[in-house]
Amino acid sequence: MFKTLPTKLVTGNRWIFPKIIFNISLRKCHQKDPLAHNVDDRNSIITDQSFTTQITFHGEWPADDRLKFQTDMTVIPNFITEAEEKSLLEELEPYLKRMRYEFDHWDDAIHGYRETERKHWFPTNRVVFDRLKTTAFQGETLPHVHVLDLAKEGVIKPHVDSVRYCGNIIAGISLLTDSVMRMVRTNDEKQTNAEYRQVFETNRDDMYWSDVLLTRRSLYIMRDSARYKYTHEILAGEDSLFKHKKVDKGRRISIICRNAPQS
């Protein structure tokens, strides 16, 4: 049985995660719990849809953990329209194209990425973020939205986002491609990423995890236990399988909103 994950941070922009050190140029994050208390009817519909089409379970899940995960992890397919995706890309691409993809991350945590933060959006795109806030958050999100552009060959390795810079909710819109997010229950924050990979491969029968299909234009919402007690990663193209079917992962842009760390 796994124990509750203790979260721990360190100094500056370097964050210590349960499985790896993941250095990323984010700012802090905004407020408390969302959806669960103010959109109950819609949330029950979303949860049913998520767990029949978007999320699979692997390994021996304790009943309590599985039930809590089903409450705290949500995927909403087609959260934005094709026209909204096009509008977001038209705003982002001119800036992203001036940046180079980076493949030599200092701690081997992420490969093939470029990133930025954006505070001000075109009026047509602000509508999307207003809808996201209503759906995923109670109150305000952090003013800066994180934009992460992952190349086709890029990967994000297992990590848990910092509790120093981010609160109990993370919500992200996926642009351009489908991808698979793997979320593994963890209780050890001292392993390096390489050790984690080895343990996961050799001791897989002792672990339990979920694979989450992030379809193009979907919104994922991680809160509470899903946010704190599970590493999350974006699988490489060659590893991207969902329900035994290959997921053709291409270039992926994720637009991520967070709330503030709890004081």
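Helix α3 passes helix α4 in a left-handed crossing, a crossing being left-handed if the near helix is turned anticlockwise from the far one by less than a right angle, and right-handed if clockwise. The contact is made by Glu84, Ser87, Leu88 and Glu91 on the α3 side and by Thr124, Asn125, Val128, Phe129 and Arg131 on the α4 side, where contact means heavy atoms within 4.5 Å. These residues divide into three nonpolar, three polar and three charged; Ala, Val, Leu, Ile, Met, Phe, Trp, Tyr, Cys and Pro count as nonpolar, Asp, Glu, Lys and Arg as charged, and the others, Gly among them, as polar. Helix α3 spans residues 82–96 and helix α4 residues 123–136, and they pack at an angle of about 115° with their axes 9 Å apart. Axes are lines fitted to C-alpha atoms, for helices over the stretch in contact, and angles run from 0 to 180 degrees between N-to-C directions.

The model is a predicted one, in which local features need pLDDT of at least 70 and side-chain atom pairs count only at pLDDT 80 or more, whereas totals for chains, interfaces and linings use all residues. Residues are numbered from 1 along each chain as its sequence is written, and side-chain values use heavy atoms, with hydrogens and water left out.

The chain has six helices and twelve strands; helices (H or I, at least four residues) and strands (E, at least two) are DSSP runs, numbered from the N terminus. Of its 263 residues, 56% count as buried, where buried means under 20% relative accessible area, exposed over 50%, and partly exposed in between (1.4 Å probe, protein chains only). The accessible surface of the chain comes to about 12400 Å², and 50% of this belongs to carbon and sulfur atoms; the areas come from the Shrake-Rupley method with a 1.4 Å probe, and for residues only the protein chains shown count as cover. Among contacts with a separation of 6 or more, 86% join residues 24 or more positions apart.

Strand β12 (residues 252–258) is largely enclosed by the rest of the structure, because seven of its seven residues are buried. In a regular strand the side chains alternate between the two faces of the sheet. Both faces of β12 are covered, with Arg252, Ser254, Ile256 and Arg258 buried on one side and Ile253, Ile255 and Cys257 buried on the other. Strand β4 (residues 145–159) pairs with β12 in the antiparallel sense over five bridges, pairing requiring that DSSP finds at least two bridges between two strands. Within this pairing, His146 has Ile256 of β12 as its bridge partner.

Strand β5 (residues 169–175) also runs antiparallel to β12, to which six bridges join it. Ser174 is bridged to Ser254 of β12, and Gly172 stands opposite Ile256. Seven of the seven residues of β5 are buried: Ile169, Ala171, Ile173 and Leu175 point one way, and Ile170, Gly172 and Ser174 the other way. Five bridges join β5 to β8 in an antiparallel arrangement, in which Arg223 of β8 is the bridge partner of Ile169.

Thr177 is found in the loop between β5 and β6 (179–185) and counts as buried at 5% relative accessibility. Thr177 and Lys249 are 72 residues apart in sequence, yet their C-alpha atoms are 6.0 Å apart in space. Beyond residues up to four places away in sequence, Thr177 touches Leu214, Thr215, Arg216, Asp248, Lys249, Gly250, Arg251 and Arg252. Thr215 lies in the loop between β7 (209–214) and β8 (219–223) and is likewise buried, at 16% relative accessibility. Leaving aside neighbours within four places in sequence, Thr215 is in contact with Gln54, Pro77, Ser174, Thr177 and Asp178.

Asp72 lies in helix α2 (residues 63–72) and is buried, with 1% relative accessibility. Not counting residues up to four places away in sequence, Asp72 touches Ile221, Met222, Arg223, Asp224, Ser225 and Ala226. Of these residues, Asp224 is found in helix α6 (residues 224–228) and has a positive phi of about 50° although it is not a glycine. Asp224 counts as partly exposed at 21% relative accessibility. Asn78, in the loop between β2 (73–76) and α3, is not a glycine but has a positive phi of about 55°. Asn78 is exposed, with a relative accessible area of 56%.
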